[in-house]
Amino acid sequence: MSEKIFPRNLTARADRQVVGNPVTTRLESGVGNCFPGLEFDQRNLDRRFFPGLVFEFISESDSPTPNIMRGGARLLNLERRDPDLNQANNPVLDPVAQQLRAALQGEAGNAISDGTTTSFWYLDALEQQGIVIPLFEIAADGTKQPLGGAVVWRFVRSLEPGLVKIKLARRTAPAETPPATIEVELNGWRRVFVDDRTGTIQSVYQPGELTQSLCSPWQHDFRDCGCHYWASNHPDIVLGEDVLGEPTLPSGASADPVRANTPIDWLRSDRTPASRASALGSNRDNRPFQMDHYEISTRWQELAIVLKGKEISQIYRAPTAESANPYANPDELAAKLVELAGLEHVLCLEYLYAMYSLLTPAEIDRNTWPKLGDDLTFVRHELLLIAVGEMRHLRWVNQLLWELDHTGILTGNFGPALQVATEIPIANGQVRPRQLRPLDRATLTDFITVEAPSSGIDGQYASVLATLRQPQYPESLYQLAGKIIADGVEHFSKFSEVQTILSSYDRDSAPNNFVPPYLRNITPAPSDNAEAQQALTGYYRLLANLGAAYQSGDMEDAGSIVAARQEMIGLDVIAKQIALTGLGIPFF
């Protein structure tokens, strides 16, 4: 018999992304699906919709005693020490809180705590802003017919933040309609689930409470729910654990780019290191090699813990933060962020230009190069993902600037920052000029160099992170800058993997005029090229739309962002067309 596991961490209430927790543990990242839910069961939030009381939403089919529990919201528990009953600093809710606290500690509380195996208290009616919602129907014989749990929950879910009155009624066997004297009315308010200042989950919710009704490894339905449904507690594919002594990057990823980017099946039955081959392309292909229903019930403890997408069996140790000198003042930090925005922008353009220099799979002679078409599909996809990552970094840097400005600590005007840098840092304080080049061996080496950990653009963020670590800056900004650095290490690993794949089609002793079979030597289109002019006009409109969104601080500004995305789609079409003629968009 294994020792009982007690939840000891309270990270579910953290106001930041916690290492090891998937992004879906943040309420704002939830898909919004419910009943029971993807990342958490949203019914578990509404169980505590009324301070001091905990309900359970049940249907008639769930009831062990149908003649009593005919469905609805049954009172599960009375919690007189609910922290929300203390609203001393809230001039609106404090008088209501005092009245509710007194009621729950007095006659009303004593009455509703009298629940036995033959009588249960149920939510009977809701009232808000003068509108009464009865939670029952009147049958032809005049008796109350309670609504089902799902219907009652929907009404509870629809309550707006603010004052609310509830009526509780006790149902006693064998009649479902209790006498009018066994009813209690309480005045309170609809609980708000997160703190309006920090965004953290209210402390009344205990660790594990929001996921307590989801699938568990020892349940059969966990076996067949793939990542498309139970993504946060049942990963589909993961990265394998590092072998002891294997070289790793500062991020903790394997230094071997293939190992670092090869997904394996998390549910594989063979758990030996030799079994860590790449997962196959579909659920059907992987199914014969996975744990079956009986195995999932007996071997669930062998399934690996996954942190940052990687299996881990040892104690997790966070990477040591890189030491760097912080900037002297907020304005100096903001000036550096403007510079970094220019670097992210120029790298995005260089990567996109290089991607369009690759042949499409349809242009490959499969007889001569049987695997090249598939390799190009992969490489073009990875390059696009990296370029999109740089776009995301550009957005995040502008968000940092906007947040700094609105804390009131800047004396100058530093944003939006959408310029394109003219030089790119590499190693040892050196720089190289920006260049639009096809993805030959030298270009790919330069891309790997600039994304290398602790050098190039990654090293440029070290002092930013050291500055934002100081207490005068909001912690959320430190977290955002950390995401940029982590993303950059991933870019390094992906470029290294691209280099491994393409090297098999290159020649170590190739002449200067050698063109690999995956490449077209595109050159920037001349200024009088009509398609290039059309592309540049669209590119400038794209920047104008991004500037409008970043200026207001609304990074998801619907109108401007949608318009910018439409321009990106147009640029992609033109870039593919002119690449066929040996030309590229002359971004600079």
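**Notebook: cores, strands, cavities and loops**

I began with L439 and listed its contacts (heavy atoms within 4.5 Å). Leaving aside neighbours within four places in sequence, L439 is in contact with A354, S357, L358, L383, L444, F447, L502, Y518 and L519.

Before going further I noted the ground rules. The model is predicted, so to speak, by record: local features need pLDDT of at least 70 and side-chain atom pairs count only at pLDDT 80 or more, while totals for chains, interfaces and linings use all residues. Residues are numbered from 1 along each chain as its sequence is written, and side-chain values use heavy atoms, with hydrogens and water left out.

**Entry: the whole protein**

I looked up the elements, taking helices (H or I, at least four residues) and strands (E, at least two) as DSSP runs numbered from the N terminus. The protein has 16 helices and 16 strands. Of its 588 residues, 45% count as buried, where buried means under 20% relative accessible area, exposed means over 50%, and partly exposed lies in between (1.4 Å probe, protein chains only). Among contacts between residues at least 6 apart in sequence, 69% join residues at least 24 apart.

**Entry: the nonpolar cores**

Which residues touch the most other members of the largest nonpolar core? They are L337, L439 and V464, in a core of 85 residues; a nonpolar core here is a set of buried Ala, Val, Leu, Ile, Met, Phe, Trp, Tyr and Cys residues joined through side-chain atoms within 4.5 Å. At least two residues of this core are supplied by each of α9 (330-356), α10 (372-406), α11 (441-451), α13 (462-468), α14 (475-503), α15 (530-552) and α16 (558-579). The largest share, 16 residues, comes from α9. I also found a second, separate core of 32 residues, which includes F49, F50, L53 and L126.

**Entry: strands β1 and β2**

I then turned to β1 (residues 53-58) and β2, which run antiparallel and are joined by six bridges; strands pair if DSSP finds at least two bridges between them. Within this pair, F57 has A73 of β2 as its bridge partner, and E56 stands opposite R74 in β2. Both strands are mostly covered, since five of the six residues of β1 are buried and five of the seven residues of β2 (residues 72-78) are buried. I kept in mind that in a regular strand the side chains alternate between the two faces of the sheet.

The search ran on a 1 Å grid over the protein atoms alone: a cavity is a set of points where a 1.4 Å probe fits but cannot get out, a pocket is an open set with protein on both sides within 12 Å along at least five of seven lines, and lining residues have an atom within 4 Å of a point. Grid points are joined across faces, edges and corners, and a volume is the space filled by probe spheres set on the points.

By this rule I count four cavities of 30 Å³ or more. The second largest cavity has a volume of about 60 Å³, and of its 10 lining residues H393, E451, I457, I484 and G488 lie nearest its centre. α10, α12 (456-460) and α14 each supply at least two residues of this lining, with the largest share, three residues, coming from α14. The lining divides into four nonpolar, two polar and four charged residues, where Ala, Val, Leu, Ile, Met, Phe, Trp, Tyr, Cys and Pro count as nonpolar, Asp, Glu, Lys and Arg as charged, and the others, Gly among them, as polar.

The second largest pocket holds about 670 Å³ of space. Of its 28 lining residues, C348, M391, L542, L546 and M568 lie nearest its centre, and the elements that give two or more residues to the lining are α9, α10, α15 and α16. α16 gives the most, with seven residues, and the lining divides into 21 nonpolar, one polar and six charged residues.

**Entry: two glutamines in loops**

Q129 is found in the loop between β3 (119-128) and β4 (131-134). Most residues other than glycine have a negative phi, but Q129 has a positive phi of about 55 degrees. Q129 is exposed, with a relative accessible area of 67%.

Q419 is found in the loop between α10 and β13 (423-425). Is Q419 exposed or partly exposed? At 34% relative accessibility, Q419 counts as partly exposed. Not counting residues up to four places away in sequence, Q419 touches V338, E339, A341, G342 and H345. I also noted that the C-alpha atoms of Q419 and V346 are separated by 8.5 Å, although the two are 73 residues apart along the chain.
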